[in-house]
Amino acid sequence: MHITKRQEKTLNELAKPLENLINSIKNASDDDLPKVLNSNLVWDTSKGTLLNWVDILNKFDSILEGIIKKYELADENVKPTELDAKDTTLTVAILDFTYMLLDNSSNKSVYSSSHRLYDLLASPTIPVIKGVLKCFVVLGKKYSIRSMKRTFVATRKVSDRVYPLELLI
């Protein structure tokens, strides 16, 4: 994606209040990352753009890629193996923060890690699956709202069906 100087200036202005948070996430080790992410799960600013978070999303993508490789979740015949506690905590923190970003940001089309989310669905770890489904619901809203005028609208929203999964844990 090519960003013009004018767009870059606007993005930098929008990112100023988020600069400390972005830097703390960038500089956090994998061991400290869940703590940093979980302490920042409340969105207290106006809706922003996902473009400000590209570096963070790239970091998340590489971490998720490592977890997927470690547990061979992208293989054709996946053996159901629970993620260990450390990996579960890290993955769930990343998914929860990603959900918050997607739900409170525009330009969702910038998000290019859907294939990682799909691979994580092969995990039998319930908190991971729940986090993945929440992210997919937010990504799916974009397409369902766009086509809502032309297609059948269900009586219950998908999010009403996915969010009660929290009660299982």
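Which side chain of opposite charge is nearest to the buried Lys59, and how many Å away is it? In this predicted model, the nearest such side chain is that of Asp30, at 5.3 Å. A salt bridge requires a side-chain nitrogen of Lys or Arg within 4 Å of a carboxyl oxygen of Asp or Glu, and Lys59 has none, although it is buried.

Lys59 lies in helix H4, which spans residues 54-70. Apart from neighbours within four places in sequence, Lys59 is in contact with Ile25, Lys26, Asn27, Ala28 and Leu33.

Helix H2 covers residues 19-27, and its buried residues are Leu21, Ile22 and Ile25. These residues lie on the same side of H2 because they span an arc of only 100° around the axis. Asn20 and Asn27 are exposed, and they sit on the face of H2 turned away from its buried side. The packing partners of the buried residues of H2 are helix H3 (33-38), H4 and helix H5 (85-103).

H4 and H5 also pack against each other, at an angle of about 145° and with their axes 11 Å apart. The crossing of H4 and H5 is left-handed. On the H4 side, the residues that meet H5 are Leu57, Phe60, Ile63, Leu64, Ile67 and Lys70. Their counterparts in H5 are Asp87, Leu90, Thr91, Ile94, Phe97, Thr98 and Leu101.

Conventions: Residues are numbered from 1 along each chain as its sequence is written. This is a predicted model: local features need pLDDT of at least 70, side-chain atom pairs count only at pLDDT 80 or more; totals for chains, interfaces and linings use all residues. Side-chain values use heavy atoms; hydrogens and water are left out. Helices (H or I, at least four residues) and strands (E, at least two) are DSSP runs, numbered from the N terminus. Buried means under 20% relative accessible area, exposed over 50%, partly exposed in between (1.4 Å probe, protein chains only). Lys and Arg count as positive and Asp and Glu as negative; His and the chain ends are not counted. Contact means heavy atoms within 4.5 Å. The arc is that of the directions from the helix axis to the C-beta atoms. Axes are lines fitted to C-alpha atoms, for helices over the stretch in contact, and angles run from 0 to 180 degrees between N-to-C directions. A crossing is left-handed if the near helix is turned anticlockwise from the far one by less than a right angle, and right-handed if clockwise.
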